[in-house]
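Biologist: Could you take me through this model step by step? I would like to begin with what holds the inside together and then ask about other things as they come up.

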Amino acid sequence: MSRFAPLLFRLAEETGEHGDEVHHAVEAGVTSGWAVENVWIMLLLPFVAAFLIVLFGRFDEKWGHRLAVTTTVYMFLHGSWIWYLNITQGVLYEKSIVIAEIGSNWVLEWGWVVDGLSSMMYFVVGTVSMLVFFYAVGYMKGEIRYAGFFAAFSLFAGAMLVLVAAPNLAQLIVGWELVGVASYLLIGHYWEDKTNSSAGMKAFFTNKVADVGLIIGSIMLATAVGSFRISDILTAAEEHAHDLEAVAVVGAILLFFGAMGKSAQFPLHVWLPDAMAGPTPVSALMHAATMVTAGVYLLGRMFPLFEGLAGVEARQWVMWIGAATLLLTGLIALVQRDIKKVLAYSTLSQLGYMVTALGAGAYTAGLFHLFTHAFFKALLFLGAGSAIHAVHSNDMHDMGGLRKFMPRTYATFLVASLALAGIIPLAGYWSKDEILVGINAAEGLPASEFVLWVATVGAFITAFYMTRTVALTFFGQYKGHGHPHEAPAIMTWPLMILGVFSVGVGWVNIPGVYTGFTDWLAVRAHAIVEHHVEGANWIEATEWGVALPGLVAGVLGITIGVIVFGRDEGTQAERDRFRIPVLYPLLENQYYIDDFYLWLVGLIKGPLARAIDWTNSYVIDAVVNGVGVLMAGLGRIVYGGVDQRGIDFAFTAFAGAAGGSGGLLRRLQTGRVQQYAGAFVIGAVLLVIGFTLFR
Amino acid sequence: MTLVQYLLLSSALFSLGVYGLLARRNAVMVLLAIELMLNAVNVNLIAFEAWIRDALAIGQVFSIFMITVAAAEVGIGLAIVLLVFRSRETANIDDFNLMKG
């Protein structure tokens with residue numbers, strides 16, 4: 001702690017009047033104020049809480065939720081206040097504090113950005129964190145390492161805010177890695193089981209592969225511009241700076257590669273389903289609502305670059321990979337039996353939607369889907385957690401009929417499912433509709449019509465697997481053991497609050513009627529040009545030619561789902577009607593991607609190990625052996641000539657002398673203290689006599 | 001009172017201390033004898049300081065040092081004696097001859 005004390009002191013000092021504050025003039029109007037200027041409190045508190053929980057948690061586990069929940073309540077209040085300021089007045093504030101200088105040209109800075117995008121994230125992270133933390137108090141009750149769980153969870157909340165607040169790429173990477181660490185810790189919370197710790201490791205390593213892209217991309221862009229500050233990079237992008245122009249496309253694609261890891265896009269998606277090994281609140285907050293959207297947030301933050309200088313060349317990849325993710329992972333969700341795995345693949349699919357939207361240039365649509373998805377997907381996970389808590393199994397074939405036992409969980413889960421399926425007045429409809437409209441409006445991107453089809457089919461698949469999940473979990477006969485019961489109030493209240501959000505948050509952006517969200521998000525230093533059709537009223541603006549197929553796909557998915565799974569007990573239907581030959585095993589094994597990776601790693605590992613072994617035996621060992629032989633020869637000469645004849649002789653002589661005198665002296669050592677004292681006294685008396693006589 | 005009287009007192013104390021140190025067999029008594037010798041020195045120091053009228057009162061300062069050190073020494077000495085007593089069940093100093101060479 002002491003090493004950080006100067007930094008903390010410096011922060012406290014710099015946030016006073018002397019700080020280097022960067023204001024951007026913007027049409028929406030600049031608002032500052034206490035909440036905006038002191039975001040650092042919100043960023044720092046979770047870390048302090050995590051530290052204190054580790055410190056006090058060993059005395060009383062209750063400190064875990066006391067500190068963590070208090071912190072998230074503060075985060076909720078602060079985040080909501082900033083979001084409210086942004087809604088009412090528009091906030092735009094950026095602050096950077098120099099913490100270290102690298103050479104003469106580079107500085108490392110720490111700071112925060114408050115604009116439309118980040119204040120939306122503050123609000124989402126604050127709100128969902130608070131509700132999930134309250135839920136976790138009930139869910140984790142009596143679990144092993146209760147305090148440690150809350151410490152890591154608080155660490156995550158702080159790291160996420162650091163990431164979101166980052167005004168420069170260096171801080172963003174720090175936050176990015178810290179959420180990865182928290183994710184690793186929490187996925188492996190029950191590490192006694194080998195599969196859980198392996199899952200944590202897998203998440204970490206997969207993210208590391210992607211992080212290489214993020215780090216190289218950041219360094220490329222930063223060196224081209226001469227600054228890590230995102231605002232500098234985006235300004236250079238707007239001005240078409242020559243140095244940046246050369247690396248913009250590659251840099252942007254590398255950044256997107258980093259986002260593909262954290263947001264689990266198609267070839268790197270494999271860690272997210274395994275991450276379900278963590279406790280359910282972790283899945284809800286990190287692996288559904290917030291952490292996995294970090295990649296989408298990065299794309300949103302860097303959007304002016306993707307929109308302008310990097311352009312279609314970079315964005316087409318973003319769109320295609322998003323589309324591949326949304327379709328392929330959605331299909332896998334159809335065959336999963338583990339309720340959390342279904343939701344994990346569903347999350348992947350929805351992240352695919354967001355990425356597709358940003359790739360297509362629909363900035364608001366992608367981030368709007370992030371916003372709505374955070375609430376209803378967190379609710380789905382918490383509902384699933386509530387069911388798992390009651391049944392003590394993740395397998396949907398052990399559930400069934402829970403509607404009667406758990407009415408609140410059932411009602412909220414149903415609402416969230418409908419929202420995810422994109423049924424009209426609920427949150428998911430508005431954001432998914434907007435994404436479809438955005439893809440339709442995409443200009444100059446190859447195969448965007450095809451992507452539109454994929455996204456529409458994705459809506460059908462989403463509705464279908466959610467119907468299956470609801471049918472298997474809540475309808476039919478109960479197939480598990482014991483008597484399931486409704487969760488305690490501390491778990492059901494967050495469900496109900498999130499249920500209200502799942503219904504209502506879509507209404508902040510209804511095309512032609514009320515487009516508040518678009519305006520709120522547009523408050524930022526770098527203008528974003530969107531290809532939106534402005535309409536006078538809802539009917540005109542909605543573009544029914546695009547939105548209606550999306551809605552119909554959703555309704556069709558639910559209808560077919562009800563026909564297949566609704567009538568009898570679901571499980572039987574699963575066995576009889578659902579085993580399509582080639583496709584089913586392909587989906588059940590996740591397209592063999594995991595096996596492919598294992599094969600690939602094995603392929604590289606063998607020759608690589610052999611090569612290293614060869615180098616070791618024949619190159620390094622040869623040198624070591626040569627030196628060894630040389631030294632041995634030299635040693636022999638020295639031993640025979642100098643050591644034996646010269647030094648040893650002298651030593652033997654000295655040792656003999658010492659031994660002889662020691663034998664005489666040891667007789668004086670009687671071990672009796674009083675004899676020694678007597679000798680002192682005699683000595684002292686002799687000295688006195690001597691000094692008196694011969695002075 | 002003259003300086004000589006103080007010196008006589010202190011030498012008497014010191015001689016008693018030396019006697020106790022050499023003649024006593026009980027380890028606690030030996031420690032007490034050492035205290036006696038230290039205090040004899042204290043008396044000496046203060047007597048000489050008063051005699052030369054030292055403005056800096058160095059004699060008093062030193063005697064306070066010595067009282068402190070003596071207290072620490074007695075603390076450690078008693079602790080050692082106690083531990084030895086526990087393990088050997090005797091306080092007779094003639095039995096403590098483990099330091100024999």
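Biologist: Which residues have the most contacts inside the largest nonpolar core?
Modeller: Please keep in mind that this is a predicted model. The largest nonpolar core has 218 residues, and those with the most contacts inside it are A:Leu299, A:Ala378 and A:Ala455.

Biologist: And which helix gives the most to this core?
Modeller: That is helix 17 of chain A, covering residues 363–391, which gives 19 residues to the core.

Biologist: Back to A:Leu299, what does A:Leu299 touch?
Modeller: Leaving out residues up to four places away in sequence, A:Leu299 touches A:Phe256, A:Ala259, A:Phe306, A:Val318, A:Val355 and A:Leu358. There is also a second, separate core of 6 residues, and among them are B:Val18, B:Leu21, B:Ala27 and B:Ala33.

Biologist: Okay, new topic: how many helices and strands does chain A come to?
Modeller: The secondary structure of chain A comes to 29 helices and 3 strands. The radius of gyration of chain A is 33 Å, whereas the globule rule gives 26 Å for 695 residues, so chain A is more spread out than a compact globule. Along its principal axes, the C-alpha trace of chain A spans about 125 × 65 × 55 Å.

Biologist: Where does A:Glu94 lie in chain A?
Modeller: A:Glu94 lies in strand 2 of chain A, which runs over residues 93–102.

Biologist: Why does A:Glu94 count as buried?
Modeller: A:Glu94 counts as buried because it has 20 C-beta neighbours inside 10 Å, and a residue is called buried if 20 or more other C-beta atoms lie within that distance.

Biologist: Now the two chains: how many residues of chain A are in contact with chain B?
Modeller: There are 10 residues of chain A in contact with 11 residues of chain B. By class, the side of chain A that touches chain B has 3 nonpolar, 5 polar and 2 charged residues. For the complex, the predictor gives an ipTM of 0.78 and a pTM of 0.72.

Biologist: What is the average pLDDT of chain A and of chain B?
Modeller: Chain A averages a pLDDT of 84, with 91% of the residues scoring at least 70, while chain B averages 89, with 98% of the residues at least 70.

Biologist: Where in chain A does pLDDT stay under 50?
Modeller: It stays under 50 over residues 1–29 of chain A, a stretch for which the model has 28 contacts beyond four places in sequence. The pLDDT is also below 50 over residues 532–540 of chain A, and that stretch has 15 contacts in the model beyond near neighbours in sequence.

Terms used. Residues are numbered from 1 along each chain as its sequence is written. Chains are lettered from A and ligands numbered from 1 in the order in which they are written. This is a predicted model: local features need pLDDT of at least 70, side-chain atom pairs count only at pLDDT 80 or more; totals for chains, interfaces and linings use all residues. Two residues are in contact if their C-beta atoms, placed from the backbone, lie within 7 Å. Ala, Val, Leu, Ile, Met, Phe, Trp, Tyr, Cys and Pro count as nonpolar, Asp, Glu, Lys and Arg as charged, and the others, Gly among them, as polar. pLDDT is the predictor's confidence in each residue, from 0 to 100. Helices (H or I, at least four residues) and strands (E, at least two) are DSSP runs, numbered from the N terminus. A residue is buried if 20 or more other C-beta atoms lie within 10 Å of its own, exposed if 12 or fewer, and partly exposed in between; C-beta atoms are placed from the backbone. A nonpolar core is a set of buried Ala, Val, Leu, Ile, Met, Phe, Trp, Tyr and Cys residues joined through C-beta atoms within 7 Å. The radius of gyration is taken over C-alpha atoms; the globule rule is 2.2 Å times the number of residues to the power 0.38.
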